[in-house]
Amino acid sequence: MNTLTQSASWKSLWQHYSQIKNAHMKDMFKFDKARHQRFSINFEDMLFDFSKNRISKETLARLVDLAIEANLKSQIEAMFRGKNINTTEQRAALHGALRLNSSDVLMYRGQDINRDVQAELNRIEQLSEQLHAGEKLGFTGRPITDVVNIGIGGSDLGPKFVVSALKQYRQSNLNFHFISNVDPSQFNDVMEALNPATTLFIIASKSFTTQETMTNAQAAKEWFLAFVKQKRFMKKHFVAVSTNREEVIHFGISPINMFSFWDWVGGRYSLWSSIGLSIVLAIGMKNFNALRQGAKVMDDHFRYTPFAQNIPVIMGLLGVWYNNFFGFKTHAILPYNHRLDLLPQYLQQLEMESNGKSVTKTGGKIGYSTGPILWGSQGINGQHAFFQLLHQGSQTIPADFIACVLPESRQFEQQEVMLSNFVAQTEALMKGRSKEETIRLLRTKGLKEEDISAKLPHMIFDGNKPTNSILFRELTPRNLGMLIAMYEHKTFVQGVIWNINSFDQFGVELGKSLAKDVLSNFKMQKPSNLHDSSTTALIESCMHYLRSENNAQSG
């Protein structure tokens with residue numbers, strides 16, 4: 001029996017859902033002039049407006065009851081205090097510790113882990129200052145000009161997203177490149193314009209055994225040594241971010257060039273750790289600390305604010321409301337800011353890797369829906385691509401609209417056009433356009449009645465599409481830190497409600513494990529007899545083309 005679905009708060013929400021499911025937000029706004037004030041929160045430089053959701057005061061109260069019955073408060077405290085909430089791996093999830101002030105103390109396994117965090121930050125700051133001052137020299141004595149981060153998943157997405165988002169805060173003329181895909185095309189595209197004498201490689205891998213990362217790292221090492229010839233010069237051009245000192249040394253990287261982090265840092269929560277080395281090199285330690293401070297502010301808000309005024313809690317509960325009661329299985333992330341272009345991709349890993357689970361913490365099979373499919377893109381571009389489906393498609397897709405009011409360029413005319421679209425789209429998705437409104441519109445255009453009748457069904461908008469509006473004054477390191485931490489905690493809230501472990505990711509491993517078996521087939525030039533007929537045929541097809549090309553090149 002699933003305890004969640006048998007709980008009093010869950011049953012209460014089902015009863016409430018039957019009463020509110022057909023209510024239209026347009027009417028909610030019509031009869032409640034204070035609805036925006038009632039369902040919005042001003043916090044620091046951010047306005048979180050959740051008034052365009054299919055909820056009432058009673059809905060919010062019952063959702064809060066659900067969080068209380070799920071013991072969310074105690075779970076939040078357990079996370080911040082370093083309890084082993086990652087139950088399958090018996091680990092803490094202490095990414096919040098990476099945002100502590102330098103004077104804070106947090107004991108874990110008998111030691112103050114903040115001392116270790118601050119020590120690594122100091123080492124990173126030292127390297128950053130050397131690079132920015134032009135004192136970090138390559139083997140020919142020339143300054144480093146290009147930094148290549150080689151990683152995948154959390155060792156790539158987080159740093160790449162933040163470096164891109166905070167481009168205006170770059171501290172030097174360094175160029176930054178990210179390689180994650182083991183497809184040689186990406187590697188070649190990045191390396192073709194680089195000079196081995198002025199390039200610094202960051203090999204970022206928690207285990208230092210991840211197949212994709214280490215394959216690309218080996219290719220980078222071979223590229224470098226083909227030019228330099230002497231391995232001793234790797235010391236000036238390769239650094240590692242890892243927990244595995246032995247493998248780092250085996251690869252050929254000096255231990256003095258290794259930056260550490262810890263098993264209580266999950267990959268998709270690791271940009272705040274040494275994995276964020278490329279971020280510090282890009283924007284400097286001062287701005288990286290501002291990023292951390294923004295996250296810390298959101299941590300404290302999440303930890304201490306009552307649920308009914310708690311932004312991540314409300315976001316998480318709204319996701320449960322739509323996923324489990326309305327049956328809305330996808331969620332769109334729509335940043336109206338070019339610098340946040342990679343946000344949807346970053347949040348896909350954060351939410352879908354965390355909550356894409358079908359068993360409870362104790363291993364029981366779940367009988368209800370968990371993590372929704374997350375997707376999205378820049379809002380302005382999306383308006384001319386997939387917004388047709390948002391407005392008039394047969395599926396209802398809740399969405400987060402995210403914007404920053406002040407543009408970094410202070411080009412206000414373009415910004416006003418973008419912001420007007422940001423605001424108008426949320427209004428249009430909420431209100432829709434009725435049959436009567438559409439008829440009046442078409443009549444003002446002088447159409448004949450028979451033409452109006454033909455066009456009418458195609459131009460009606462049902463509306464009642466839920467959205468959150470997340471509005472910042474401007475995009476700064478501090479505000480970006482708040483935004484990222486907000487989504488981290490929203491994800492955690494949903495995991496607690498669904499009674500799943502949001503901090504393991506065993507689903508990543510099966511395909512990768514089988515890939516090693518298939519790779520051995522390629523090396524032996526023969527499929528094993530353990531595969532199904534489709535897999536065998538695919539292996540044979542790949543080998544056929546590879547053999548043909550190898551023969552053509554050798555001939």
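This tour moves through the structure stop by stop, naming what to select and what is found there. The model is a predicted one.

**Stop 1**

Begin with the open sheet of six strands, whose order is 1-2-13-12-10-11 and whose pairing is mixed. Select strand 1 (40-43) and strand 11 (373-376) to find the edges, where each strand pairs on one side only. From one strand to the next, the twist averages 15°.

**Stop 2: the hairpin at one edge**

Select strand 1 together with strand 2, which pair in the antiparallel sense over four bridges. Within this pair, Phe-43 stands opposite Met-46 of strand 2. Which residue of the hairpin takes a positive phi? Two residues lie between the strands of this hairpin, and Glu-44 has a positive phi near 55°.

Strand 2 (residues 46-49) is joined to strand 13 by four bridges, and the two run antiparallel. Here Leu-47 stands opposite Leu-471 in strand 13. As a general point, the side chains of a regular strand alternate between the two faces of the sheet.

**Stop 3: helices on the sheet**

Select helix 17 (residues 412-431), which lies across strand 10 (330-336), strand 12 (399-406) and strand 13. Helix 17 runs at about 155° to strand 12. Then select helix 20 (residues 477-498), which also packs on the sheet. Helix 20 touches strand 1, strand 2, strand 10, strand 12 and strand 13, and its direction makes about 155° with that of strand 13.

**Stop 4: Asn-337**

Move to the loop between strand 10 and helix 14 (343-355), and select Asn-337 there. Is Asn-337 buried or exposed? Its relative accessible area is 13%, so Asn-337 counts as buried, the limit being under 20%. The side chain of Asn-337 reaches the backbone nitrogen of Arg-339 at 2.8 Å. Beyond its neighbours within four places in sequence, Asn-337 is in contact with Gln-378, Cys-404, Met-418 and Leu-475.

**Stop 5: a parallel pair**

Select strand 5 (residues 146-150) and strand 6, which pair in the parallel sense over five bridges. In this pair, Val-147 stands opposite Phe-176 of strand 6. Why is strand 6 (residues 175-179) described as largely enclosed by the rest of the structure? The reason is that four of its five residues are buried.

**Stop 6: the nonpolar cores**

The largest nonpolar core has 121 residues; select Phe-161, Trp-264, Trp-321, Ile-470, Leu-480 and Tyr-487, which touch the most other members. Helix 12 (residues 277-304) gives the most to this core, contributing 13 residues. Apart from this core lies another, of 24 residues, including Phe-208, Phe-224, Leu-225 and Phe-233.

Return to Trp-264 and display its surroundings. Leaving aside neighbours within four places in sequence, Trp-264 is in contact with Ala-92, Ala-93, Leu-94, His-95, Ala-97, Leu-98, Tyr-108, Ile-113 and Val-117.

**Stop 7: helix 6 against helix 12**

Finally, select helix 6 (residues 72-80) with helix 12; their axes come within 9 Å and cross at roughly 145°. Lys-73, Ile-76, Glu-77, Met-79 and Phe-80 of helix 6 meet Asp-299, Phe-302, Arg-303 and Tyr-304 of helix 12. Which classes of residue make up this contact? Five residues are nonpolar and four are charged, while none is polar.

Key:
Residues are numbered from 1 along each chain as its sequence is written. This is a predicted model: local features need pLDDT of at least 70, side-chain atom pairs count only at pLDDT 80 or more; totals for chains, interfaces and linings use all residues. Side-chain values use heavy atoms; hydrogens and water are left out. A nonpolar core is a set of buried Ala, Val, Leu, Ile, Met, Phe, Trp, Tyr and Cys residues joined through side-chain atoms within 4.5 Å. Buried means under 20% relative accessible area, exposed over 50%, partly exposed in between (1.4 Å probe, protein chains only). Contact means heavy atoms within 4.5 Å. Axes are lines fitted to C-alpha atoms, for helices over the stretch in contact, and angles run from 0 to 180 degrees between N-to-C directions. Ala, Val, Leu, Ile, Met, Phe, Trp, Tyr, Cys and Pro count as nonpolar, Asp, Glu, Lys and Arg as charged, and the others, Gly among them, as polar. Two strands pair if DSSP finds at least two bridges between them. A polar contact is a pair of N or O atoms within 3.5 Å; within protein, one must be able to donate a hydrogen and the other to accept it, and residues adjacent in sequence count only if both atoms are side-chain atoms.
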